[in-house]
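Open the model in a viewer and follow the stops below in order. Each stop says what to select and what is there.

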Amino acid sequence: MTEAVERLRRRYGGHTPGLLGAERSYAVLAPLLETRAGPRLLFETRAAALRQGGEVCFPGGRMEPGETPEDCALRETEEELSIPREEVELLGPSDFICNQRGFLLRPVVGVVSPAGLAWMRPSPAEVAETFTVPLEFFRRTPPVTARYELTPSLPEDFPYEAAGIPRDYVWSRGAVEVPSWRYEGHVIWGMTARIVKDLIQNL
């Protein structure tokens with residue numbers, strides 16, 4: 001067997017498939033709180049100094065090499081909110097989101113214990129504020145959904161003739177739906193809202 005084939009054997013043997021061409025993956029925790037009035041979701045607002053400052057999100061961040069989505073979600077939750085990982089009961093992973101910019105977002109659903117909530121101390125460098133929303137609000141309130149088009153735009157030097165296709169070739173187009181909810185002065189939208197929508201649909 002040639003060296004090249006042996007390298008491919010090592011590469012693909014036992015390989016866990018991911019997104020082809022993805023340069024990075026992220027994971028977030030969708031934290032549930034159980035209360036007498038019913039379960040609530042815990043959200044953050046990103047600190048103003050951060051990229052996308054002021055946006056509503058779940059605790060999470062970039063996955064480190066060799067890290068599972070669950071490990072990343074718990075680590076980031078501890079770093080951002082000081083909630084100990086042992087105070088989070090993981091229910092399991094949600095479906096992942098493939099972003100058009102070429103990365104994967106892997107949500108994990110978990111329940112934060114009352115003790116974990118008591119430990120919560122948001123990091124001022126990362127979190128401007130936290131708030132909770134009843135799951136029932138999302139169940140009875142349909143999101144407002146916007147939609148934007150993904151339009152292909154190829155350079156003039158693309159090898160149409162060599163590839164055997166005409167210059168008026170009809171390239172596939174796409175679109176992205178962006179749901180959003182308003183709740184007590186907060187707007188929950190984008191990928192965070194897509195995770196919430198999936199969660200509600202699975203209740």
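Start with the largest pocket: select Arg46, Gln52, Glu55, Phe103 and Met191, which lie nearest its centre among 33 lining residues. A pocket here is an open set of points on a 1 Å grid over the protein atoms alone, where a 1.4 Å probe fits, with protein on both sides within 12 Å along at least five of seven lines; lining residues have an atom within 4 Å of a point. Helix H6 (190-201) is one of the elements that give two or more residues to this lining, and with five residues H6 has the largest share.

The model is predicted: local features need pLDDT of at least 70, side-chain atom pairs count only at pLDDT 80 or more, and totals for chains, interfaces and linings use all residues. Residues are numbered from 1 along each chain as its sequence is written, and side-chain values use heavy atoms, without hydrogens or water.

Next, select Arg24, Ser25, Met63, Leu104 and Arg106, nearest the centre of the second largest pocket, which 15 residues line.

Last, select Phe43, Phe58, Phe131, Phe137, Phe138, Trp181 and Tyr183, a cluster linked by ring pairs (ring centres of Phe, Tyr and Trp, its six-membered ring, within 6.5 Å; planes under 30 degrees apart are stacked, over 60 edge-to-face, the rest tilted).

Notes:
Helices (H or I, at least four residues) and strands (E, at least two) are DSSP runs, numbered from the N terminus.
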